[in-house]
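Subject: Structure for your files

Hello,

Here is the structure I said I would pass on. My notes on it follow below.

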2 protein chains.
Amino acid sequence: MALIVQKFGGTSVGSVERIANVAERVARARAAGDDLVVVVSAMSGETNRLLALGRDVAAEQAPHPRELDALVATGEQVASALLAIALEARGVPALSLLAHQIRLRTDAAHTKARIRTIDDRPLREVLAAGRVAVVAGFQGVDEEGNITTLGRGGSDTTAVALAAALGADVCEIYTDVDGVYTTDPRICPSAQKVPKISYEEMLELASLGAKVLQIRSVEMAMKHGVVVHVRTSFTDAEGTVVTKEDESLEAIVVAGVALDRDVAKVTIRGVSDEPGLAATLFEALADAHVVVDMIIQNVSEDDRTDLTFTVSRGDVETARPIAERALGEKKRGEVVVDTRPAKVSIVGLGMRTHAGVAAKMFRLLAAAGINIEAISTSEIKVSCLIAEARGEDAVRALHEGFGLGAPR
Amino acid sequence: MALIVQKFGGTSVGSVERIANVAERVARARAAGDDLVVVVSAMSGETNRLLALGRDVAAEQAPHPRELDALVATGEQVASALLAIALEARGVPALSLLAHQIRLRTDAAHTKARIRTIDDRPLREVLAAGRVAVVAGFQGVDEEGNITTLGRGGSDTTAVALAAALGADVCEIYTDVDGVYTTDPRICPSAQKVPKISYEEMLELASLGAKVLQIRSVEMAMKHGVVVHVRTSFTDAEGTVVTKEDESLEAIVVAGVALDRDVAKVTIRGVSDEPGLAATLFEALADAHVVVDMIIQNVSEDDRTDLTFTVSRGDVETARPIAERALGEKKRGEVVVDTRPAKVSIVGLGMRTHAGVAAKMFRLLAAAGINIEAISTSEIKVSCLIAEARGEDAVRALHEGFGLGAPR
């Protein structure tokens, strides 16, 4: 008998019929003898509907964050009550539970709260009574009893946190994709589902756009050693297990290829290489809530330098004037913005022990006639900026070149 | 500086525009220096939408009552958060509060819970901090922390209970009618708004179909001496104040005339007048959750009797077989059902001290050529069953005959 946390996203509970499907899936797992904690998101579209209502009554102001949280948290409350009703109607004893009922405490950072503590006793009592615990995801309560929310995709984080608190055998995340692929199957039809992947690789892939799992939930799973199984609620197919690296994982040099099209490149050309310029620039960007991805700097011979960084395209008009102010009063040098690059990346634990992986990537791109505009590397990832128009060609060339199309 | 509880019904918060109107009304009252606790119902239509979802996922079963409560309580949570957002956006400090946050404890009778205790401290803290407390009506929590609801119209009860707990100066109930009238203005255009009415009269009128106030909330107001002001949120007009009787009230013999069309009459003819028959019959009806209104029995000379009672028309097919079983095995006597009567009633505290009010009522009906099928009286009410087709004529004759058309 296992203790399993299952999380169903908004699409999986998006209609009366789909809630019935989820109830039947949960009933089967329960019949197999497992103890179940089920975390649900709001029915798809509901969070956006509530946010729009909140905006509309706010009379041109930003809605008050505490009240926005009390508002949108109802989406998960509705979904959890509906699933509990559906389970009870099928003869499966169930109990819907809200954050204040399971004492899921967070800090007071409304709309983006972080979990502090979970009291596992209320949940253990529900399980001991033979019931399925149906927990409203995404929500918490702060020390004062105010309702908080964990930010977009927070239900994944709820599920992993509950799995950690309960020492669950596995945390199953049901979503509308059936697992993690070696690359986007729409770009590369030979893309393979990865049966097993390490937390580290998942983190790099998630941040690169393969958005099957909230990055925070992967960090939390890694920290607490929670085994996460990403799968679809529409079939019984096995998905992808995200877990600690092991020897079998290490043998694979490149686990996946990711393409990120939401990239803008800002280059400051010919600035003086003075100490503190980079610090001043990136502090100002952080203060403006601009998230910087890649940073590339090369010092040239005459003490002048080119500094390049990338941001989301939506942030480029915030970043440009900050970069221009960084040129200083003398205005030597210039700022050049390119909103048409794409970033192609390869990710794999095996890179740490295999030499020449980056070189092979550059060679594969060159063979495909694709020019590399910038390069950035980490321990388990190599990213190249290329022209967006060649993005899909690059993915196919790398996927093929690293042999990812073959079933593992 | 007064402490005022205001309650806004589903129509008053039924759209973004109406929530904005309510926010502006609350802002004006706050600017006048009053301390405000505002209770809201769900946006109109929302409770029914949620109930339908609950029914739909229940797969032909009755939805589990605990989960149904967790589901529908979200309607008031949404409305309270939206009103708090609207107030904050207009510069009025506000805080939305749920039942568990103000510790509004009820029994565990899901979907029809009764309030046990309210801890007034959380609300007093909010008021002391200069904030408007925006409370989600209709909901409570039981001793275990489960969400309960107070039954249809329960937000009126929440408002009166909070006014009692806080010792508020007045409980203003905002609804889509602007007060209590001497009779239905659609039937009798000369109907007058009653500026002041006693709890007792209001109870009799409410149960007779002038449904401006939940009957439970009137009982609670009477018990705790809460002054209730029924008024509309669409204008600034004064409505009707419901309060203790006083001398000025006593001078008025008849306060109002009510017509109830949802009446079915069940008569058991010629049964033996045996002890226990009535007890057996009405116990069986109560077990079947049939609410009996009037009961009339006349013993005839030969120890046989006619027993008549009235029920809602929706209950008549439940009541009929119960009445037939009450005839016993010998099947002497017969059951006759009439689904076409109406009940016209006059209500007034002054009846207690004025003789001949009932006689005057019968005379007025006779003068209008209206036949009386049955009569039932209480201390402050006389009700007559008449043919439904003559119901409106009867209301007009009584309203005119008792001089209710003149402004008071």
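A residue is called buried if 20 or more other C-beta atoms lie within 10 Å of its own, exposed if 12 or fewer do, and partly exposed in between, with C-beta atoms placed from the backbone. In a regular strand the side chains alternate between the two faces of the sheet.

Before going on, some conventions. This is a predicted model, in which local features need pLDDT of at least 70 and side-chain atom pairs count only at pLDDT 80 or more, whereas totals for chains, interfaces and linings use all residues. Residues are numbered from 1 along each chain as its sequence is written, and chains are lettered from A and ligands numbered from 1 in the order in which they are written.

Strand β2 of chain A covers residues 35-40, and six of its six residues are buried. Helices (H or I, at least four residues) and strands (E, at least two) are DSSP runs, numbered from the N terminus. β2(A) pairs with β1(A) in the parallel sense over six bridges; two strands count as paired if DSSP finds at least two bridges between them. Within this pairing, A:V37 is the bridge partner of A:V5.

β1(A), residues 3-8, is also joined to β9(A), by five bridges, and those two strands run parallel. There A:F8 has A:Y174 as its bridge partner. β9(A) spans residues 170-175, and five of its six residues are buried, so the strand is largely enclosed by the rest of the structure. Another five bridges join β9(A) to β11(A), residues 228-232, again in parallel. A:T175 stands opposite A:T232 in β11(A).

**Chain A as a whole**

Chain A has 13 helices and 20 strands. Its radius of gyration is 24 Å, close to the 22 Å that the globule rule gives for 408 residues, so chain A is as compact as a globular protein of that length. The radius is taken over C-alpha atoms, and the rule is 2.2 Å times the number of residues to the power 0.38. The C-alpha trace of chain A spans about 75 × 55 × 30 Å along its principal axes.

Of the 408 residues in chain A, 48% are buried. Among contacts in chain A with a separation of 6 or more, 75% are between residues 24 or more positions apart. Two residues are in contact if their C-beta atoms, placed from the backbone, lie within 7 Å.

The largest nonpolar core has 246 residues, and those with the most contacts inside it are A:V38, A:L83, B:V38 and B:L83. Such a core is a set of buried Ala, Val, Leu, Ile, Met, Phe, Trp, Tyr and Cys residues joined through C-beta atoms within 7 Å. Leaving out residues up to four places away in sequence, A:L83 touches A:V13, A:I19, A:V22, A:A23, A:V38, A:V40 and A:V134.

**How the two chains meet**

The contact takes 32 residues from chain B and 32 residues from chain A. On the chain B side, α1 (16-31), α2 (46-57) and α3 (65-89) each supply at least two residues. α3(B) gives the most, with 14 residues. By class, this side of chain B has 19 nonpolar, nine polar and four charged residues. Ala, Val, Leu, Ile, Met, Phe, Trp, Tyr, Cys and Pro count as nonpolar, Asp, Glu, Lys and Arg as charged, and the others, Gly among them, as polar.

Chain B superposes on chain A by a rotation of 179 degrees with 0.0 Å of shift along its axis (RMSD 0.2 Å). The two copies are thus related as by a two-fold rotation axis. The superposition is by least squares on the C-alpha atoms of residues with pLDDT of at least 70 in both copies. In chain B, the C-alpha nearest the axis belongs to B:T74, 2.9 Å from it. The same surface serves both copies, as 100% of the contact residues of chain B recur in chain A.

**Some loop residues**

A:H289 has a positive phi of about 60 degrees although it is not a glycine. A:H289 sits in the loop between α10 (277-287) and β15 (292-299) of chain A, and is exposed, with 8 other C-beta atoms within 10 Å. B:E60, also not a glycine, has a positive phi of about 75 degrees. Its place is in the loop between α2 and α3 of chain B.

Regards
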